[in-house]
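Here is a friendly walk through one model, meant to be read with the structure open beside the text.

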Amino acid sequence: MTNRIPITDATVRKYHDEGYFTVEGLFSSHEVEGVRREITKIVEDHPPVERGLVQLEPTVTEGQDAPDSTELGVRKLAKIAVRNDYFRDLAFHQGMVTIATTLLGTDVYLFQSMSLLKPPRIGGAKMWHQDNAYFRQTPCDVFGFWVACDDTTVENGCMHVIPGSHRGGTKEHDMINNDYILVNPPSAEHAVPIPLRAGDGLVFHGQIYHHTPPNRTDKRRRAIQYHYSSAKCRRTNDKTPYYIEPEILVSGNP
């Protein structure tokens, strides 16, 4: 995996000012195909794989929807870099690590890894939230890569963000309809959709408000989401339903 990704002073300013930026061609077509193949291999091993790795859409679990295959009913693969060698190696992708060390410094963890699949017709929405509400890291030197492995659109559930919302700190979240989300969500009129081509990446701050709408199309919307954090981050004492530890040291020292 070669480093093809430039990151300029202007890019860094946009990240600090608006809380996000996009990178065209973060993954090559070969890398995108590799991710797709590995997702299929993991799902084909389901259910003998480690408990919690493969998570189905709730409507599939509840019997309301019956997709044509198991893979087309999967919502998420969790902690993939810890549980799978291919995705562990992907944590050291030179393009991602270059961006991570530029934004965070030399000592960097892969904080969390997952694949978000939002299958055709039944992929549910993820409501407005901030990722640091789950992580509770201070300082919030944490950001995510959201890398499209299919072309993503508003119709099939691309990411939406509220520019600048990361500057307001981590706001109150609660479990609402089995989802940990902002108690006071933003107005949709301020949302910016981020459609991407397969292989493109969104870099987004750990405190930016974001959500994805449902996929009601016949097209797949696979993505991977890797969060990176500074080794200087520490967990706050806030009480939340989640306790998440960094997964892998990818650069420097702990």
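In which loop does P139 lie? The model is a predicted one, and in it P139 sits in the loop between β6 (137–138) and β7. The peptide bond that joins T138 and P139 is cis, with omega at about -10°.

**Backbone details**

Most residues other than glycine have a negative phi, and most peptide bonds are trans. Against that background, two further residues deserve a look. K118 is not a glycine, yet its phi is positive, at about 30°. R121 is also a residue other than glycine, and its phi is positive too, near 70°. K118 is found in the loop between β4 (108–116) and β5, and R121 has its place in the loop between β4 and β5 as well. How is K118 classed, buried or exposed? With a relative accessibility of 6%, K118 counts as buried, since the cut-off for that class is under 20%. R121, at 44%, is partly exposed.

**An enclosed strand**

Next comes strand β12 (residues 201–205). Why can β12 be called largely enclosed by the rest of the structure? Five of its five residues are buried, so the rest of the structure largely encloses this strand. In a regular strand the side chains alternate between the two faces of the sheet. For β12, G201, V203 and H205 on one side are buried, as are L202 and F204 on the other, so that both faces are covered.

| Strand paired with β12 | Sense | Bridges |
|---|---|---|
| β1 (residues 20–23) | antiparallel | four bridges |
| β7 (residues 142–148) | antiparallel | five bridges |

To find these pairings on screen, look for T22, whose bridge partner in β12 is L202, and for G144, which stands opposite F204 in β12.

Strands of a sheet pair through backbone hydrogen bonds, either parallel or antiparallel. One of the bridge pairs to look for is H129 with H210 in β13.

**Nonpolar cores**

Which residues have the most contacts inside the largest nonpolar core? They are I99, L103, F143, Y226 and Y228, in a core of 40 residues. Another core, of 13 residues, lies apart from it and has Y20, L116, L196 and F204 among its members. Coming back to L103, and leaving aside neighbours within four places in sequence, this residue is in contact with I7, V12, Y15, F21, F143 and V203.

**The largest pocket**

Finally, the largest pocket has a volume of about 1,400 Å³. It is lined by 50 residues, and those closest to its centre are Q55, R75, K76, K126 and D179. Which strand gives the largest share of the lining? That strand is β4, which contributes four residues.

Terms used: Residues numbered from 1 in each chain as written. Predicted model: local features only at pLDDT ≥ 70, side-chain atom pairs only at ≥ 80, totals over all residues. Heavy atoms only, no water. Core = buried A, V, L, I, M, F, W, Y, C linked by side-chain atoms within 4.5 Å. Buried < 20%, exposed > 50% of the residue type's maximum accessible area, 1.4 Å probe, protein only. Contact = heavy atoms within 4.5 Å. Pairing = 2+ DSSP bridges. Helix = DSSP H or I, 4+ residues; strand = E, 2+ residues; numbered from the N terminus. 1 Å grid on protein atoms, 1.4 Å probe; cavity = no way out; pocket = protein on both sides within 12 Å on 5 of 7 lines; lining within 4 Å. Points joined across faces, edges and corners; volume = space filled by probe spheres on them.
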